[in-house]
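Have a look at the model, then go through the points in order.

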Amino acid sequence: MNKNLVMAFATALLVGGLSAQAQAQTTTAAPTTTAAGPLKLGYTNIDYILAQTPEAKDIQNQLTIQRTQSENELKRMQKELEDKYGAYEKGAAQMTDVIRKDRETELQGLQARIQEFGRTAEQSLQTKYGQLVNPVVQKIQKAIDAVAKENAYTYVFNLDAGANTTPILLVAPEDNNITELVLKKLGIDPAKIAAPANNANKPANAGTGSTATPATPKKN
């Protein structure tokens, strides 16, 4: 499904649910409920959770190794092109037309190979990222599912709507943040997470009131 459609649906679902709550509270003192019980919304930060997993460091290391190898090979190919072009410039005046055309064709071919290598290397890195991250994300999703079921959350939202987009949740109560519950479900102690990283899990104005503007992770 198109990511924009997913975001639009999620936003409409949230707004619709909250509007229904407000309308019900206006007409009756009883809380808004679904067929199964009270509507309970939660949210978390998948990118933040991913960064705290034991696999995160290994994933980063593997990606760094692959990127470094690709960059080194690209530099080697570029150096080869520079050297051959320099030799071509020095000897071009003494070359016959046939040899000059052959050297030019060789240079053009090498330049095309460099461009193709750059594209292929980037695609390969993205594929590697998916292969390494997807199993961890699936594990996180299972933990989220378990936390939602144990705590009767009807819906759980990821804070991020994607790169360079507006987050799905602009304001949300900290009480509805299930991130620490998910971390514990994964066997990760939130208390042992370094303070700078832990701050990324908290909304920007946390501690100033009952609601806060959440951070914006990237959902995979």
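1. Start with Thr179: its side chain makes a polar contact with the side chain of Thr44, at 2.9 Å. A polar contact here is a pair of N or O atoms within 3.5 Å; within protein, one must be able to donate a hydrogen and the other to accept it, and residues adjacent in sequence count only if both atoms are side-chain atoms. Another polar contact, of 2.7 Å, links the side chains of Thr179 and Asn177. Thr179 sits in helix α5 and is buried, with a relative accessible area of 1%. Buried means under 20% relative accessible area, with a 1.4 Å probe and protein chains only.

2. Before going on, a caveat: this is a predicted model, where local features need pLDDT of at least 70, side-chain atom pairs count only at pLDDT 80 or more, and totals for chains, interfaces and linings use all residues. Residues are numbered from 1 along each chain as its sequence is written, and side-chain values use heavy atoms, with hydrogens and water left out.

3. Thr44 belongs to strand β1 (residues 41-44), where Thr44 and Gly42 point one way, Leu41 and Tyr43 the other, and all are buried. Helices (H or I, at least four residues) and strands (E, at least two) are DSSP runs, numbered from the N terminus. β1 runs parallel to β2 (residues 155-158), joined by 4 bridges; strands pair if DSSP finds at least two bridges between them. Gly42 has Val156 as its bridge partner in β2.

4. Which residues touch the most other members of the largest nonpolar core? They are Ile59, Ile140, Ile144, Ile178, Val182 and Leu183, out of 22 residues. Helices α2 (46-52), α3 (55-91), α4 (97-150) and α5 (179-185) each supply at least two residues of this core, and α4 gives the most, with 10 residues. Such a core is a set of buried Ala, Val, Leu, Ile, Met, Phe, Trp, Tyr and Cys residues joined through side-chain atoms within 4.5 Å.

5. Now α3. Its 37 residues should span 54 Å at 1.5 Å a residue, and the end C-alpha atoms are 55 Å apart, which agrees. The expected span is 1.5 Å times one less than the number of residues. Buried residues of α3 include Ile59, Leu63 and Met77, and the buried residues of this helix pack against α2 and α4.

Terms used: Buried means under 20% relative accessible area, exposed over 50%, partly exposed in between (1.4 Å probe, protein chains only). Contact means heavy atoms within 4.5 Å.
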